[in-house]
Amino acid sequence: MKTKKGILSIVFALIISVFAFNVSAKVVHNETSTFKVYGNCEMCKKRIETALMKNKNITKATWDVKTKMLTVVYDPHMVSLDAIHKIVADAGHDTDKVRASDAAYDKLPGCCKYERAK
């Protein structure tokens with residue numbers, strides 16, 4: 001009788017543990033967005049991608065020097081697309097939504113200073 005109670009207690013504990021784990025498991029849902037980022041060269045590419053990858057909620061960032069298009073993969077539950085645009089702007093690069101501050105732009109090396117829209 002004690003053995004049956006022990007086995008039932010173990011089975012019950014396992015069922016509760018599995019249920020608790022499933023309830024608390026985080027659902028990972030990444031999104032991919034592509035948008036224009038202004039810059040000129042490989043130094044710009046490195047700066048833009050490095051700034052974005054410092055955020056742990058961004059899993060991939062690739063900026064194409066020729067097309068000026070940034071593709072970013074991120075967790076939308078943890079970081080917004082607006083915040084991603086701001087990260088890029090803080091690095092000194094204008095996006096199609098957010099203009100970098102003049103101070104951030106002025107810090108760019110000469111080869112990275114792209115023509116800015118008025």
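Two aromatic pairs are counted in this predicted model, where rings of Phe, Tyr and Trp (its six-membered ring) pair if their centres lie within 6.5 Å. Local features need pLDDT of at least 70 and side-chain atom pairs count only at pLDDT 80 or more, while totals for chains, interfaces and linings use all residues. Residues are numbered from 1 along each chain as its sequence is written, and side-chain values use heavy atoms, with hydrogens and water left out.

**Aromatic rings**

- A pair of aromatic rings is described by the distance of the centres and the angle of the planes.
- Tyr-105 and Tyr-114 form an edge-to-face pair, with 5.1 Å from centre to centre and 80° between the planes; planes under 30 degrees apart count as stacked, over 60 as edge-to-face and the rest as tilted.
- Tyr-105 is buried at a relative accessible area of 11%, and Tyr-114 is buried at 4% (buried means under 20% relative accessible area, exposed over 50% and partly exposed in between, with a 1.4 Å probe and protein chains only).
- Ring pairs join Tyr-38, Tyr-105 and Tyr-114 in a cluster.

**Helix α2**

- Helix α2 covers residues 42-53; helices (H or I, at least four residues) and strands (E, at least two) are DSSP runs, numbered from the N terminus.
- The 12 residues of α2 reach 16 Å from the first C-alpha to the last, close to the 16 Å expected at 1.5 Å a residue (the expected span is 1.5 Å times one less than the number of residues).
- The buried residues of α2 include Cys-44, Lys-45, Ile-48, Glu-49, Ala-51 and Leu-52.
- These residues lie on the same side of α2 because they cover an arc of only 160° around the axis, taken from the directions from the helix axis to the C-beta atoms.
- Glu-42 and Lys-46 are exposed on the face turned away from the buried side of α2.
- The cover over the buried residues of α2 includes β2, β3 and α3 (81-90).

**Strands β2 and β3**

- Strands β2 (residues 58-63) and β3 (residues 69-74) run antiparallel and are joined by five bridges; two strands pair if DSSP finds at least two bridges between them.
- Trp-63 stands opposite Leu-70 in β3.
- The hairpin has five residues between its strands, and Lys-68 takes a positive phi near 65°.

**Nonpolar core**

- The largest nonpolar core has 25 residues, of which Ile-48, Leu-52, Ile-58, Leu-70 and Ile-84 touch the most other members (a core is a set of buried Ala, Val, Leu, Ile, Met, Phe, Trp, Tyr and Cys residues joined through side-chain atoms within 4.5 Å).
- The elements α2, β2, β3 and α3 each give two or more residues to this core.

Key: Contact means heavy atoms within 4.5 Å.
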